[in-house]
Amino acid sequence: MGEGDYDSTEFTTRREIVEGKRINESSVVMVQRMTAQDVNVAGNVHGGVIMKLIDEAAATVAIRHARANAVTASVDRLDFHHPVFAGDLVTLKASLNLVGKSSMEVGVYVKSENLITGDSMHTASAYVTLVALDKNGKPTAVPPLILETEEEMQRNREAQIRREIRLREKKAEE
């Protein structure tokens with residue numbers, strides 16, 4: 001780039017860091033049908049397959065928000081409620097709950113649907129914390145979160161409590 005030129009990506013990122021971004025700007029819905037290669041010997045989809053999908057959905061949200069690479073720092077909770085089977089359609093809904101300086105908490109809701117019967121169940125939920133990284137692999141600032149609804153504000157308050165607990169636990173481990 002010559003003098004006076006600017007990288008539009010960097011310009012957008014700087015503007016977003018000042019102004020913030022809405023939750024719906026980075027939220028995702030991902031859908032995948034489970035196949036025989038996804039199941040264990042009991043006939044259920046491996047929990048690890050669901051965990052990988054959760055991590056991918058959370059990372060997609062974080063990267064869209066930060067417009068930078070993001071890596072998983074922790075999974076606060078991962079609760080499995082119902083098994084998933086080959087042939088089921090798995091839908092993951094993921095969105096930001098909390099944004100720190102470089103970290104982001106993403107909530108992921110997983111639903112499975114039996115495509116033959118149409119029955120669907122809440123399969124799993126997780127809270128994933130990711131950290132945005134710059135081109136050198138160092139934590140980088142992310143845009144603040146613009147909270148618009150009472151539900152978003154409530155999820156943000158709950159995420160702040162989880163963050164405080166994580167920080168206390170981390171300090172106790174040191």
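Student: Why is Asp 79 called partly exposed?

Tutor: This is a predicted model, and its coordinates give Asp 79 a relative accessible area of 25%. Buried means under 20% and exposed over 50%. The value for Asp 79 falls in between, so the residue is partly exposed.

Student: What makes Asp 79 and Arg 77 a salt bridge?

Tutor: Their closest N and O atoms are 3.0 Å apart. The cut-off is 4 Å between a side-chain nitrogen of Lys or Arg and a carboxyl oxygen of Asp or Glu. The pair is within that limit, so the term applies.

Student: Is Arg 77 buried, exposed or partly exposed, and how do you know?

Tutor: Arg 77 has 47% relative accessibility. Exposed would need over 50%. Arg 77 therefore counts as partly exposed.

Student: What makes Arg 166 buried?

Tutor: Its relative accessible area is 16%. Buried means under 20%, so Arg 166 qualifies.

Student: How do you know that Arg 166 and Asp 76 form a salt bridge?

Tutor: The N to O distance between their side chains is 3.4 Å. The limit is 4 Å, so the pair counts. Arg 166 lies in helix 3 and Asp 76 in strand 3, residues 69-80. The bridge therefore ties together parts that are 90 residues apart in sequence.

Student: Which class does Asp 76 fall into, and why?

Tutor: Asp 76 has 27% relative accessibility. Buried would need under 20% and exposed over 50%, so Asp 76 is partly exposed.

Student: Which residues are linked with Arg 166 in a network of salt bridges?

Tutor: Asp 76, Glu 105 and Arg 162 are linked with Arg 166 in that network.

Student: Why does the pair of Glu 148 and Arg 22 count as a salt bridge?

Tutor: The closest N and O atoms of Glu 148 and Arg 22 are 2.7 Å apart. That is within 4 Å, so the pair meets the definition. Glu 148 lies in the loop between strand 7 and helix 3, and Arg 22 in strand 1, so the bridge joins parts that are 126 residues apart in sequence.

Student: What makes Glu 148 and Arg 22 partly exposed?

Tutor: Glu 148 has a relative accessible area of 42%. Arg 22 has 37%. The class runs between 20% and 50%, so both belong in it.

Student: How many salt bridges does the whole structure hold, and which elements make up the chain?

Tutor: The search finds eight salt bridges. The chain has three helices and seven strands. Their order from the N terminus is α-β-β-α-β-β-β-β-β-α.

Technical notes:
Residues numbered from 1 in each chain as written. Predicted model: local features only at pLDDT ≥ 70, side-chain atom pairs only at ≥ 80, totals over all residues. Heavy atoms only, no water. Helix = DSSP H or I, 4+ residues; strand = E, 2+ residues; numbered from the N terminus. Buried < 20%, exposed > 50% of the residue type's maximum accessible area, 1.4 Å probe, protein only.
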